[in-house]
Amino acid sequence: MADFCNFCSKQMWGDKNDDLVPIPPDINVYEEFNKLEEDTYVSGFICEGCGLVAIANIHGELRVARMKDANQETTQWEKYTDKFNT
Ligand SMILES: [Zn+2]
């Protein structure tokens, strides 16, 4: 099953399903971020939408790394924005 992060799951399915129940993202970036100590990161995800593979707390700020393309290289730590898919 494909996993999607907060922005991508929203883009795929909207905020709520037909019964108006909130749809939780498979990868909850903010929840993961909140579990992190400062200057640590967690990986092991792959968002099928934007390629997100890791979430970091860098000096208290949320940063993410994404798979750039098929060559398996990841991006530098970058801000988590909804502009990934544009
Ligand atoms: Zn995503």
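Me: Of the 86 residues of the chain, what percentage count as buried?
Reply: First, a caution: this is a predicted model, where local features need pLDDT of at least 70 and side-chain atom pairs count only at pLDDT 80 or more, while totals for chains, interfaces and linings use all residues. Residues are numbered from 1 along each chain as its sequence is written. Buried is about counting neighbours: 20 or more other C-beta atoms within 10 Å of a residue's own make it buried, 12 or fewer make it exposed, anything in between is partly exposed, and the C-beta atoms are placed from the backbone. Here 20% of the 86 residues count as buried.

Me: What does P22 look like on that scale, buried or exposed?
Reply: P22 is exposed, because it has 7 other C-beta atoms within 10 Å. It sits in the loop between α1 and α2 (29–35). For contacts, we ask whether two C-beta atoms, placed from the backbone, lie within 7 Å. Skipping neighbours within four places in sequence, P22 touches D15 and K16.

Me: How many helices and strands are there in the chain?
Reply: These are DSSP runs numbered from the N terminus: helices are H or I with at least four residues, strands are E with at least two. This chain has two helices and three strands, and from the N terminus on they run α-α-β-β-β.

Me: In what order do the strands sit in the sheet?
Reply: Strands pair if DSSP finds at least two bridges between them. In this model the three strands make an open sheet, β1-β2-β3, with antiparallel pairing. β1 (40–43) and β3 (61–66) are the edge strands, each pairing on one side only. β2 and β3 are joined by six bridges, and N57 stands opposite L62 in β3.

Me: Which residues make up the largest nonpolar core?
Reply: In soluble globular proteins, nonpolar side chains tend to be buried together. A nonpolar core is a set of buried Ala, Val, Leu, Ile, Met, Phe, Trp, Tyr and Cys residues joined through C-beta atoms within 7 Å. The largest one here has twelve residues: F4, C5, F7, C8, I27, C47, C50, L52, I55, A56, V64 and Y80.

Me: Which residues is I55 in contact with, leaving aside its neighbours within four places in sequence?
Reply: V29, E32, F33, Y41, V42 and V64. V64 is also listed in that core, along with I55.
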